[in-house]
Amino acid sequence: MRWRHPPVYRPLVDLLTMEERHIIITYRLDRATILELCAQLEPDLISAIRHPTGIPILVQVLSVLHFLASGSFQTTVAMVSGMSQPIFSTVLSRVLSALLKHMRSYIVFPQVEDLPTLKSDFYALGHIPNIIGAIDGTHVAFVPPQE
């Protein structure tokens, strides 16, 4: 009879030694924001690391941020993060659920009465008409439905 030993998790990324520019490119957030996010999500994710082979909260958050920032496949991000795809799928679900609890702290939609001011302020910045918000500097076109 073979004894099965639990897997040992070895982190592949050290956020503290990475260059800030590389962190922003990889995760779309800076180091301080990522660490703040980990602290905020810790109560929701702590149960996931109680097991002796559990994945640290920082690694869970970094893996999910990389997945969201890259648009890659779960299998690829899991391999880069040092975990299996099924484990990453569980981590992804837990981190996204935790993020949703705090969504309103980070995502703010403009009120209807603020739209004229927002449009004129954005026009003053870039001379692009009818802009009411920005996401990570990415242009996203919203087209109203045909009536």
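The structure holds 2 salt bridges (a side-chain nitrogen of Lys or Arg within 4 Å of a carboxyl oxygen of Asp or Glu). This is a predicted model, in which local features need pLDDT of at least 70 and side-chain atom pairs count only at pLDDT 80 or more, while totals for chains, interfaces and linings use all residues. Residues are numbered from 1 along each chain as its sequence is written, and side-chain values use heavy atoms, with hydrogens and water left out.

**Confidence**

- Among the elements, helix α2 (residues 31-45) has the highest mean pLDDT, 93, and helix α6 (residues 103-106) has the lowest, 82.
- Helices here are DSSP runs (H or I, at least four residues), numbered from the N terminus.

- The side chains of R31 and E20 form a salt bridge, with an N to O distance of 3.2 Å.
- This pair links distant parts of the chain, since R31 lies in helix α2 and E20 in helix α1 (residues 20-27), 11 residues apart.
- Side chains of opposite charge can pair when their charged atoms come close.

**α2 with α5**

- α2 and helix α5 (residues 85-101) pack at an angle of about 110°, with axes 9 Å apart; axes are lines fitted to C-alpha atoms, for helices over the stretch in contact, and angles run from 0 to 180 degrees between N-to-C directions.
- The two helices α2 and α5 are therefore roughly perpendicular (65 to 115 degrees).
- In contact (heavy atoms within 4.5 Å) are L37, L41, D44 and L45 of α2 with R94, V95, A98, L99 and K101 of α5.
- By class, this contact of α2 with α5 has 6 nonpolar, no polar and 3 charged residues; Ala, Val, Leu, Ile, Met, Phe, Trp, Tyr, Cys and Pro count as nonpolar, Asp, Glu, Lys and Arg as charged, and the others, Gly among them, as polar.

**α3 with α5**

- The axes of helix α3 (residues 57-70) and α5 come within 9 Å and cross at roughly 90°, so α3 and α5 are roughly perpendicular to each other.
- Q60, V61, S63, V64, F67 and L68 in α3 meet F88, V91, L92, V95 and L96 in α5.
- The residues of the α3 and α5 contact divide into 9 nonpolar, 2 polar and no charged.

Definitions and conventions. pLDDT is the predictor's confidence in each residue, from 0 to 100. Angles under 35 degrees count as roughly parallel, over 145 as roughly antiparallel, 65 to 115 as roughly perpendicular and the rest as oblique.
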